[in-house]
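Here is a short note to read beside the sequence and the 3D view. The points go from the inside of the protein to its surface.

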Amino acid sequence: MNETIRELLARVGGLPVAVTELEDAADLYAAGLSSFASVQLMLAIEEAFDIEFPDSLLNRKSFASISAIEQTVAQILKAREAA
Amino acid sequence: MSLPAFATDMTLGARARRVAEVAAENADRVDQEARFPAEAVDAMKAERLLGIQVPVSFGGEGASIPEIAEVCTILGQACAASAMVFAMHQIKVSSLVEHGGDSEWHRDFMRELCARQLLVASATTEGGIGGNLRNSICAIEIDGNICRLTKDATVISYGAHADVIMVTSRAHADATPGDQVMTVFKKNQYTLEKTVDWDTLGMRGTCSDGFIFKGEAPAAQIFPKPFAEIAAQSMLASSHLLWSAVWYGIAADAVLRAQAFVRAAARKANGAQPPGVVRLAEASNLLQLLKANILSGLKVYADAKADLDQLSSMAFSIAMNNVKLASSETILVIINQAMIICGIMGYKNGTPYSLGRHLRDAHSAQLMISNDRILGNTSTMLLVQKPDTSLLG
Ligand SMILES: Cc1cc2nc3c(=O)[nH]c(=O)nc-3n(C[C@H](O)[C@H](O)[C@H](O)COP(=O)(O)OP(=O)(O)OC[C@H]3O[C@@H](n4cnc5c(N)ncnc54)[C@H](O)[C@@H]3O)c2cc1C
């Protein structure tokens, strides 16, 4: 999952730095992720993992770092399995 | 010592109305001469309105955003420029109250602000960036305990008259444009070199000239939180709600004038229906819609304040954006209706029904952070956000 997220971030994130150089915990907003790009990233992740982000997870915190995104996606996948 | 014959009404509403009286007296001159509404701002200080939002423990009165919005509306009915100065000051204070509590310097500053009734201005807009307040070109330089900042601030309302300016910038020389901080600079810590004159259609008394800002201050005056959080959690909501409260005040006064005009006509009409009365009903309908829009926005903000996740959610941003879009557009329709009702008496300056100033002031609302820009932001969010379609939720 980490790799897919990094791939998508590289494709739509529009970051001024190489994604390979980002730590999992690095603050993506400080790295230059704009709000427009963050929405593009959300759309790409929804498509790649065939999920929909519920409104409660659509905030800055859920997308603040690669590991935050991983956790957010894992949480949705887990909820789906449980359902 | 002589005791006053009767106690002065010290409720917030009464204090605001006393200021509004002073503001109304000077409103036309402030507008004509595009000068700072000094009398009204002095009255705000005399009534100690500048510190009301600060918590009681730091010397203020802990007034809520709805209470402050009511003051904005009362002032907006008298003089929109004075009301906007008050609103913009309170928007800056909201950042202090919401985000300054963890920092000793900012806590002390809140006490000083209340004690000395300091007027706070804002420099977010920058040459080359415009109204995209979440991006900066200029960067703050931190040198030991000192920070330095130079900014091409193209619009600073009452910049020349403020006691304090809060300025946004990139967090350091290598920071990306969105990695910003906000810093408090006191009057003796900066210089302003005027670059652009504020000679505008309306809101002339806000004296929103452009300046090259150069400041140097202790680094402790930088807000301890990223500006991204400040913008999302206090500035977005307080700006759109308090601006809207001012605009509602302008529209409400226009409807009052139109109603006075229709009533005077009705008295002379010998029982016939006076012209304009149906339009008045329409204007009153729109005014109620505008009020409901602002009230629901105030409630959404009060509810979200209790939950940080909600405050930084897309649903919340969209709700606040929608309050701003709707109120800035609706006031123009309402005031225009009022103008048609009053006819030439509304179009002329210096009559009891004059609406020129109202209409000109109201035209600033759509540009104050361009509605097109806001629509763009909202439409991006709508690509992923799922709306709540319930009535009460
Ligand atoms: C009465 C008043 C007081 C003000 N006081 C202050 C103050 O004290 N401090 C301060 O910092 N600022 C202040 N401002 C400035 C204000 O906050 C905005 O920054 C400013 O009005 C925007 O200026 P602009 O229209 O030139 O810039 P821009 O925001 O760059 O917009 C220019 C035009 O480009 C278009 N546009 C730009 N970007 C987009 C986009 N993404 N999507 C769609 N269209 C776009 C819009 O049509 C817009 O009209 C004040 C403004 C007013 C009217």
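1. Start with the residues around the largest cavity: Ala27(B), Val30(B), Asp31(B), Cys79(B), Ala80(B), Ala81(B), Met203(B), Arg204(B), Gly205(B), Arg357(B) and Asp361(B) form its lining. The model is a predicted one. The space in this cavity comes to about 40 Å³, and the structure has two cavities of 30 Å³ or more.

2. Which helix gives the most to the lining of the largest cavity? It is α1(B), with three residues. At least two residues each come from α1 (12–33), α4 (80–99) and α11 (356–362) of chain B. Sorted by class, the lining of the largest cavity has six nonpolar, one polar and four charged residues.

3. Next comes the second largest pocket, with a volume of about 670 Å³. It is lined by 24 residues, and those closest to its centre are Val300(B), Ala315(B), Ala319(B), Asp388(B) and Gly393(B). In chain B, α7 (277–305), α8 (308–311) and α9 (314–342) each give two or more residues to this lining. The most come from α9(B), which gives five. The lining of the second largest pocket is made up of nine nonpolar, nine polar and six charged residues.

4. Last is the surface. Is Ile344(B) buried or exposed? Its relative accessible area is 60%, and exposed means over 50%, so Ile344(B) counts as exposed. This residue belongs to helix α10 (residues 344–347) of chain B. Together with Met345(B) and Tyr347(B), Ile344(B) makes a nonpolar surface patch with about 350 Å² of accessible area.

Conventions
Residues are numbered from 1 along each chain as its sequence is written. Chains are lettered from A and ligands numbered from 1 in the order in which they are written. This is a predicted model: local features need pLDDT of at least 70, side-chain atom pairs count only at pLDDT 80 or more; totals for chains, interfaces and linings use all residues. Side-chain values use heavy atoms; hydrogens and water are left out. Patches are made of residues with over 30% relative accessible area and no salt bridge: like charges are joined within 9 Å, nonpolar side chains (Val, Leu, Ile, Met, Phe, Trp, Tyr) within 5 Å. Accessible areas come from the Shrake-Rupley method with a 1.4 Å probe; for residues, only the protein chains shown count as cover. A salt bridge is a side-chain nitrogen of Lys or Arg within 4 Å of a carboxyl oxygen of Asp or Glu. Helices (H or I, at least four residues) and strands (E, at least two) are DSSP runs, numbered from the N terminus. Buried means under 20% relative accessible area, exposed over 50%, partly exposed in between (1.4 Å probe, protein chains only). On a 1 Å grid over the protein atoms alone, a cavity is a set of points where a 1.4 Å probe fits but cannot get out, and a pocket is an open set with protein on both sides within 12 Å along at least five of seven lines; lining residues have an atom within 4 Å of a point. Grid points are joined across faces, edges and corners, and a volume is the space filled by probe spheres set on the points. Ala, Val, Leu, Ile, Met, Phe, Trp, Tyr, Cys and Pro count as nonpolar, Asp, Glu, Lys and Arg as charged, and the others, Gly among them, as polar.
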